[in-house]
Amino acid sequence: MSKKKIKVAFAGNPNVGKTTLLNAIAGTSLKVGNWPGVTVEKREAIVEVGDYILHFVDLPGIYTLDPLSEDEKIAVKFLEEEKPDVIVNVIETPSIERALLLTTELLEFRIPTVIALNMWDEAQKVGVEVDIKKLSELLGVEVVTTVGKSGKGVKELVEAVIRAFSEGKTPKEVRYSAEVEDLLKELSQKNPTATKHDLIKELLREKPDLYEKVRDDRFAFAHGLAKEVVRLRGDQGRDLTDALDKIVLHPLFGIPIFIGIIYITFKLAFDFSSPFVDWLDGFINDFLSPLSLEVLKALSFPEWFVRFFSEALVGGVGFVITFVPLIGSLYFLITFLEMSGYIPRVAFLMDRFMHKIGLHGKSVIPLILGFGCNVPAIVATRTIENPRDKLLVIAMIPFMSCPARLVVFSFFVSIFFRENPALVITAMYVIGIFIAVFTALILRKVLVKEGPLHFVMELPPYRFPSMKTVFTITWAHVKDFLYRAGTLIFGASIVVWLLLNLPPGVKNPSESIAGKIGKALVHVFEPVGIDNWKATTSLIPAFLAREIAISSMGTIYMSAEGITEEVEEFNFKRALFNQGVNLLNATEDAFSSLLSLGIVSLEVEEEQEEDLKSLIAKDFNPASALSFMIFILIYTSCLGTFAVMSREIGLKGAIAFLGYSFAVAWITALISYNLLSRLTG
Amino acid sequence: MNISALSPGEEFMIKGFANAKDGVMKRLHAMGLREGRRGKVLLKNGRALLIKLDNFRLIIDEDVASHIEVSNN
């Protein structure tokens, strides 16, 4: 007998612990994706229980089904069009009174419903009591109490979902005032199969002036229900959140605490992941790559395929994969901060500053994430409701300097600015922030003239997040990243590799298509001091990711000058042993770096071959090197950022932004080149 | 008097909403701000106000606050 499928929608207010609850049910089968056409995150999971396959869909956290924001539109559309078999209405029990408005609206669909009174333990502490039996009887729905973090009540919830489905238990009808009910009755005669939700929609289309009446009726029902089933005990304990907020949101200490937390986050993410990034790099380049080359040669694959494999697949996709530890650590810490309730508080702290550039405090969150990696930062703009604010923030993020740019800066600084490395690198970060603010001001003047829309947001209480949920969400994001690396980045790597290797039989990169484009580009870059084709050609593959500029410079300079790398003989056993030792060392480094106060992985290291450095020293001077760095900083040469941007603001918008960032990069480089050339004579 | 006239620590009761745009009103209502609800101003930071009602906390900015009419308990 085939198993029965049940489509279950999770609906509730924001921050009520829906994801934690879903995670407790689904474990690692939780998938993070996007709702079609929009950028609101979609979480879903498929779980088999007995004779049933339960497909859970986590709807965005919403306050009402009266659609105002993108989130609410998605939830309504899902309920109207996809018609779930069961709705699980997750309620944050301490705030049950407010939550019952959404419950009332959900009941209008007459879909079998289970109410999960979540955070039941917290409700007990703050003195909120709910008469579960009465709630269940009054509404004709299953009611279970849950504590998502500990998994308490989860089994009962799943059982209730299956029961609600198999018994086809539709909730009792919600009854509003006689005036509204009479009108709905008339409409239902024309359309007897329509749900109450549909009928009200129809009614408001015909008689929009009834909107307030319907709204008040819904409130009255929810309020009456609360009066019947909720009892507040007077003995509410002292609130830890209020006490913490007095320190964390203090007018004087709030900002230093915020800077401290951001510093610690970056330190942990960079220093903990950096040894693993290096290890992965070594593992791919010194073990996997030579091993697979040996195998390919042994199987007598043609030479061009072997080169394609090592250069496009290992060099392109492999390179991006080495960043997994960094991305994973950042996601882990950000998810932790988000679930603990701290991140929303930054909005309160930074509102005054952000308002000066025409944005709300809320917009500062993605900007901070941008220093870690622009890609998840742009993804994080989905929490901004207003499309205008979102556009402004997306246009600012690419100027937040990420660690990939730091790789290029460190390399040039170690050749041309040995005396002031920290000053030059800090200057790069400051120039980036300056350009971001400049861009926001321009955009506000030119494109989006109206002021920021109203700003209301809920601050959840502080909670220690469930570590299991934090890990699951991090893993879901890493999976998504790996998927992109395997598809999009792989495709782009092939294109760049072809450009460097066509026409067929080309030996020197200067004769390839890429070399020819590079030579043509010299005319564009000459005014900013970058006047040789090897440097301009290295910018072409750098569009995949900025740090590739250095590795491709290596390839181009080496082959143009006729220098060949020495290839060591590959010994499987020795190489495997070395990788094991390296992994142990990396783990030790990761943990020991956490003991120091500074960010160890950001200190300038001189790793590159001296050969390449001396070749580059001949072709550049401090002024043109600075030009190159500014170019890498400002021009959005990162396929990941471009891809996520085109998803958020459309392909045309992303291309226009690319053009803008190129123009700003060129002008800034021109100014700095001329200034520095004059200063150094 | 609107809610932004209150200082941290002061309690209030919502009397009504003055000249609020439709979208703002809908949002405030859905988030639990209704006539007759009691609450307390917890903190102020420049343009932003942190208020607490029942068991939830909201940040509202000056523009929104200017539409919320309250009485001192």
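Which residue takes a positive phi in the hairpin of β2(B) and β3(B)? The legends below, for close-up views of a predicted model, start with that hairpin.

**View 1. The hairpin of β2(B) and β3(B).** G46(B) takes a positive phi near 60° in this hairpin, which has 2 residues between its strands. The strands β2(B) and β3(B) run antiparallel and are joined by 6 bridges. Within this pairing, K44(B) stands opposite L49(B) in β3(B). Strand β2(B) also pairs with β1 (residues 11-17) of chain B: 3 bridges join these strands, again in an antiparallel arrangement. Here K40(B) in β2(B) is the bridge partner of E11(B).

View 2. R47(B) and E62(B) form a salt bridge in which the closest N and O atoms are 3.7 Å apart. R47(B) belongs to the loop between β2 (38-45) and β3 (48-53) of chain B, while E62(B) belongs to helix α2 (residues 62-65) of chain B, so the pair ties together parts that are 15 residues apart in sequence. R47(B) has a relative accessibility of 14% and therefore counts as buried. E62(B), with a relative accessible area of 40%, is partly exposed. Salt bridges that share partners join R47(B), E62(B), D61(B), D63(B) and D351(A) into one network.

**View 3. The interface of chain A and chain B.** In this interface, 39 residues of chain A are in contact with 30 residues of chain B. The area buried between the two chains is about 3,200 Å², and carbon and sulfur atoms give 58% of that area. The rule finds 11 residue pairs in polar contact across the interface, with both residues at pLDDT 80 or more. On the side of chain A that touches chain B, two or more residues come from each of α3 (96-107), α9 (211-229), α10 (240-248), α14 (343-356) and β10 (456-459) of chain A. The largest share of that side is the 7 residues from α14(A). By class, the side of chain A that touches chain B has 17 nonpolar, 14 charged and 8 polar residues.

**View 4. Salt bridges between the chains.** Side chains of opposite charge can pair when their charged atoms come close. Between chain A and chain B the count is 3 salt bridges. In one salt bridge, the side chain of D242(A) meets that of K52(B), with an N to O distance of 3.0 Å.

**View 5. Strand pairing between the chains.** β10(A) and strand β4 (residues 56-61) of chain B run antiparallel and are joined by 4 bridges. In this pairing, M457(A) stands opposite I59(B) in β4(B).

**View 6. Salt bridges within chain A.** Over all chains, the count comes to 33 salt bridges. R463(A) and E92(A) form a salt bridge with their closest N and O atoms 3.1 Å apart. The loop between β10 and α20 (467-501) of chain A holds R463(A), and strand β5 (residues 86-92) of chain A holds E92(A), so the pair ties together parts that are 371 residues apart in sequence. R463(A) and E92(A) are both buried. A salt bridge also links R218(A) and E105(A), whose closest N and O atoms are 3.7 Å apart. Helix α9 of chain A holds R218(A) and helix α3 of chain A holds E105(A), so this pair ties together parts that are 113 residues apart in sequence. R218(A) and E105(A) are both buried.

Key:
Residues are numbered from 1 along each chain as its sequence is written. Chains are lettered from A and ligands numbered from 1 in the order in which they are written. This is a predicted model: local features need pLDDT of at least 70, side-chain atom pairs count only at pLDDT 80 or more; totals for chains, interfaces and linings use all residues. Side-chain values use heavy atoms; hydrogens and water are left out. Contact means heavy atoms within 4.5 Å. Buried area is the accessible area (1.4 Å probe) that two parts lose on being put together, summed over both. A salt bridge is a side-chain nitrogen of Lys or Arg within 4 Å of a carboxyl oxygen of Asp or Glu. A polar contact is a pair of N or O atoms within 3.5 Å; within protein, one must be able to donate a hydrogen and the other to accept it, and residues adjacent in sequence count only if both atoms are side-chain atoms. Ala, Val, Leu, Ile, Met, Phe, Trp, Tyr, Cys and Pro count as nonpolar, Asp, Glu, Lys and Arg as charged, and the others, Gly among them, as polar. Two strands pair if DSSP finds at least two bridges between them. Buried means under 20% relative accessible area, exposed over 50%, partly exposed in between (1.4 Å probe, protein chains only).
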